[in-house]
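Please examine the sequence and the structure shown here before reading on.

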Amino acid sequence: NDLAGDGTTTTAILVQAMIDEAFDLMKSSWRRKGANPVELKHAIEKDLARLVGELKKMAVKVETPEQVKALATIAANNDDDIGRAIAEIFEKVGRHATMMVEKSAESKITVDVVKGVYFDKGWTVPAFVNNVERMRCEYSNAFVVVTEEKLSYFEDIMPIFQQVEEARKNSIAIDRLVIIADEYGDEVTGSLAVTNRQRLMGKVDSINLLAIEAPEYGPTRQEILGDIAVYCGAKLIGNSTGTAVKDIKYTDFGKIGKIISTGKSTTMTDGGGNKEEIDQRIASIRGQIEQTKPMEKITREKFEKRLGVLAAGVGIIHAGAPTEIESKERHA
């Protein structure tokens, strides 16, 4: 604990001890009957609630840049440079900052803050992962399809691939394609996953793919899909725009400079959308927030969620180091 500093090692040891003790209590022998697993679970949960309450009393709220730096440094295995970089991003972007880590050829850590989009939905299945070490999908210069439709069957996505071929005939090479849809059927997910795996295994006439389910629910989902489409420079395909996937054209595709998608979230930077349209969309959302009444808390939260998706800054940490081993450690 003294060497690691953040308590994770100690926590793992304590958890393992609790598991061992629990299994021991549940064992039956000729001398005693084993403990009831359900009663044991309820007892642990009861104690957990009490312990969390005590921890909250002990907790210190992180408010100053110095506190952020100290916390980040501990979490980064006492790497003072990483701690400083994280604190810098928090100060520039805010407490809900999204961060990306990139390898750097330099021997030091540098920080950039760029405009980007972040939302809490990621790849639909692990077959889209191309960075196995970090279990995420990373693409540069990818095309983007944004639709409100549910893609249930293979026939639903055929028009998209037909337009990929049409684009290639017009000397537009589409090697990486991200599809953000309302929902996916198993047939579509499986088909996209197989196609992507073929490309990863070296089949050159295939295409790198990434399927992401739209964030949020109901009308808010529709609005956020519109926000993402504006950021990427894509045409939103769906009822709200009077269009359908079956009629899609490759000119309806958007573009993104960089996308990183994990199993839980997606970050996009360098969108291909028109800057004036993006700024107008952000201004419109801010105006709607200002017009909400104090009692309309849920409505305000939805608008703020959309603003966070579209107007959030993304901090990029260029993790350089004097040696390759140190660079890999910092990048991880």
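Helices, labelled H and at least four residues long, are DSSP runs numbered from the N terminus. In this predicted model, helix H3 is followed by Asn 77, whose phi is positive, near 55 degrees.

Which residues of H3 are buried? They are Val 68, Ala 72 and Thr 73. When the helix is viewed down its axis, the buried residues of H3 fall within an arc of 130 degrees, so they line one face of the helix. On the other side of H3, Glu 66 and Leu 71 are exposed. The cover over the buried residues of H3 includes H4.

## The packing of H3 and H4

Two packed helices are described by the angle between their axes and the distance between the axes. For helix H3 (residues 65–75) and helix H4 (residues 80–93), the angle is about 135 degrees and the axes are 8 Å apart. H3 and H4 are therefore oblique to each other, and their crossing is right-handed.

On the H3 side, the contact is made by Pro 65, Val 68, Lys 69, Ala 72 and Thr 73. H4 contributes Asp 80, Gly 83, Arg 84, Ile 86, Ala 87, Phe 90 and Glu 91. By class, the residues in the contact of H3 with H4 comprise six nonpolar, two polar and four charged.

## The packing of H1 and H2

Helix H1 (residues 8–26) and helix H2 (residues 37–58) have axes that come within 10 Å and cross at roughly 145 degrees. The crossing of H1 and H2 is right-handed.

Met 18, Ala 22, Leu 25 and Met 26 of H1 make the contact with Pro 37, Leu 40 and Ile 44 of H2. The contact of H1 with H2 has seven nonpolar residues, with no polar and no charged residues.

## Two individual residues

Arg 50 is located in helix H2. Is Arg 50 buried or exposed? Its relative accessibility is 51%, and the cut-off for exposed is over 50%, so Arg 50 counts as exposed. The C-alpha atoms of Arg 50 and Asp 252 are separated by 55 Å, and these residues are 202 residues apart along the chain.

Ser 152 lies in the loop between strand E4 (150–151) and helix H5 (154–169). Ser 152 counts as buried because its relative accessibility is 17%, and buried means under 20%. Leaving aside neighbours within four places in sequence, Ser 152 is in contact with Gly 185, Glu 187 and Val 188.

Technical notes: Residues are numbered from 1 along each chain as its sequence is written. This is a predicted model: local features need pLDDT of at least 70, side-chain atom pairs count only at pLDDT 80 or more; totals for chains, interfaces and linings use all residues. Side-chain values use heavy atoms; hydrogens and water are left out. Axes are lines fitted to C-alpha atoms, for helices over the stretch in contact, and angles run from 0 to 180 degrees between N-to-C directions. Helices (H or I, at least four residues) and strands (E, at least two) are DSSP runs, numbered from the N terminus. A crossing is left-handed if the near helix is turned anticlockwise from the far one by less than a right angle, and right-handed if clockwise. Contact means heavy atoms within 4.5 Å. Ala, Val, Leu, Ile, Met, Phe, Trp, Tyr, Cys and Pro count as nonpolar, Asp, Glu, Lys and Arg as charged, and the others, Gly among them, as polar. Buried means under 20% relative accessible area, exposed over 50%, partly exposed in between (1.4 Å probe, protein chains only). Angles under 35 degrees count as roughly parallel, over 145 as roughly antiparallel, 65 to 115 as roughly perpendicular and the rest as oblique. The arc is that of the directions from the helix axis to the C-beta atoms.
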